[in-house]
Amino acid sequence: MTPEQLLAAPSTALPTLRGAVAGLPSYVPGRRSARADIAALASNESHYEPLPAATVAVAEAARRMNRYPDMAAVELRERLARHLGVSLEEVAVGPGSVGVLQQIITGLCDAGDEVVFAWRSFEAYPILVELAGARPVRIPLDHLEGHDLDAMAAAVTDCTKVILLCTPNNPTGVPISHERIEAFLQSVRSDILVVIDEAYVEYADAGSGPDSLALYRQYPNVCILRTFSKAYGLAGLRVGYAVAVPAIAEGLRRTALPFSVSALAQKAAIASLDAGEEMAARASAVREERARMAAELEAQGWKLQPSQGNFLWIRADEVLLATLVEAFNGAGIMVRAYQGDGVRITVADAASNDRVLRLLAAHAA
Ligand SMILES: *Cc1c(COP(=O)(O)O)cnc(C)c1O
């Protein structure tokens, strides 16, 4: 090549990711397996099939997949508004509550703004915050595996835009009481959006967590986040929602990827709300299994905090965690291990739960 040709040659450098993206922690998905004897207890999904009415609604909607869905999801939002006792303008929907949360963070946070949340909590939180160029502020859980709200309030700065409260907390299962959240709301600035993530609210015993709608009515900076992925059994369809004052809810709708909630998901969510009693009966069966497992594990010698979710949390040091992970893998039971913290096990059908109990009996203190 002549010097002129060399100069004109394209550079061999490859395109690079934004710094915020390159530094992101990866979301570790629950492991999947096609083996029939595998117990899938790693992702807190419902072990029940979708409610029959939801399956019928999806089959009907499938015949119109050539059409775009209703971008404003009016029918679903109207049904949710009726379900919750709020107005249409106060409801925003998205592709899973993780999708709605992304709308919240990107809608409210500029680069350098801070989002405060407990840690350990839902793994998606730091990812969504960093993706938006904002700064995650992780506040360690208290010694009872719950939110340390005093420390969270103390961590608020002029840059704080959003605070995430997860109740019951994933992965520990510990709820935040109504009174504690109310005191917290009184102590934080009203221009900070306080998101109450209630992904597991249907599994919580009455009165264990907040009456979030009452808090929302009293404190307009509250945003409630819920999902059809867990107790409603629609994890694969991707639909969740937020309740917030109209200006915020409208902002979320503006930041949403257009058409991200499919017509199938909208119809299935409506049918599932209509079958609410069936869902509640299933959730109550899971609660009974959770209580049975907790009692049995206590009898085995495990010291666990009571969980209000459809999962149990075992705090484990490195040695115990390695032992448990090997045992669960060997037994064909998929659970979620968190390096340095512990293991989370979804409560499912009685037979799967029995397998978990038998395995843990061999490793009790
Ligand atoms: C599972 C879960 C969600 C729900 O995620 P979707 O996007 O609705 O499937 C939200 N928050 C927490 C804490 C969860 O564990």
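Me: What follows α4, and is its phi positive or negative?
Reply: G85 follows α4, and its phi is positive, near 75°. Keep in mind that this is a predicted model.

Me: Which residues of α4 are buried?
Reply: L76, R77, R79, L80, A81 and L84.

Me: OK, α11. Where is it, and what is its reach?
Reply: Helix α11 covers residues 263-274, twelve residues in all. From first C-alpha to last it reaches 17 Å, close to the 16 Å expected at 1.5 Å a residue.

Me: Is α11 enclosed or exposed?
Reply: Largely enclosed by the rest of the structure, because nine of its twelve residues are buried.

Me: Which ones?
Reply: L264, A265, Q266, A268, A269, I270, A271, S272 and L273.

Me: And what covers them?
Reply: The cover includes α3 (52-62), α4 (74-84) and α12 (276-300).

Me: Switching topic. Where does I192 sit?
Reply: In the loop between α8 (178-187) and β6 (193-197).

Me: Buried or exposed?
Reply: I192 counts as buried, because its relative accessibility is 0%.

Me: What does I192 touch?
Reply: Leaving out residues up to four places away in sequence, I192 touches V156, T160, K161, V162, I163 and N221.

Me: How far is I192 from D158?
Reply: The two are 34 residues apart in sequence and 9.8 Å apart in space, C-alpha to C-alpha.

Me: Now the whole chain. How many helices and strands?
Reply: 14 helices and twelve strands. The radius of gyration is 22 Å, close to the 21 Å that the globule rule gives for 365 residues, so the chain is as compact as a globular protein of that length.

Me: What does the C-alpha trace span?
Reply: About 75 × 55 × 50 Å along its principal axes.

Me: What share of residues is buried?
Reply: 50% of the 365 residues.

Me: And the contacts? What share joins residues at least 24 apart?
Reply: 74%, among contacts between residues at least 6 apart in sequence.

Me: Last one, surface and charge. What are the numbers?
Reply: The chain exposes about 17,100 Å², with carbon and sulfur atoms supplying 56% of it. There are 33 positive and 42 negative charges, and their mean positions are 5 Å apart.

Definitions and conventions
Residues numbered from 1 in each chain as written. Predicted model: local features only at pLDDT ≥ 70, side-chain atom pairs only at ≥ 80, totals over all residues. Heavy atoms only, no water. Helix = DSSP H or I, 4+ residues; strand = E, 2+ residues; numbered from the N terminus. Rg over C-alpha atoms; globule rule 2.2 N^0.38 Å. Buried < 20%, exposed > 50% of the residue type's maximum accessible area, 1.4 Å probe, protein only. Contact = heavy atoms within 4.5 Å. Areas by Shrake-Rupley, 256 points an atom, 1.4 Å probe, with all protein chains shown as cover. Lys, Arg positive; Asp, Glu negative; His and termini not counted. Charge placed at Lys NZ, Arg CZ, Asp CG, Glu CD. Expected span 1.5 Å × (residues − 1).
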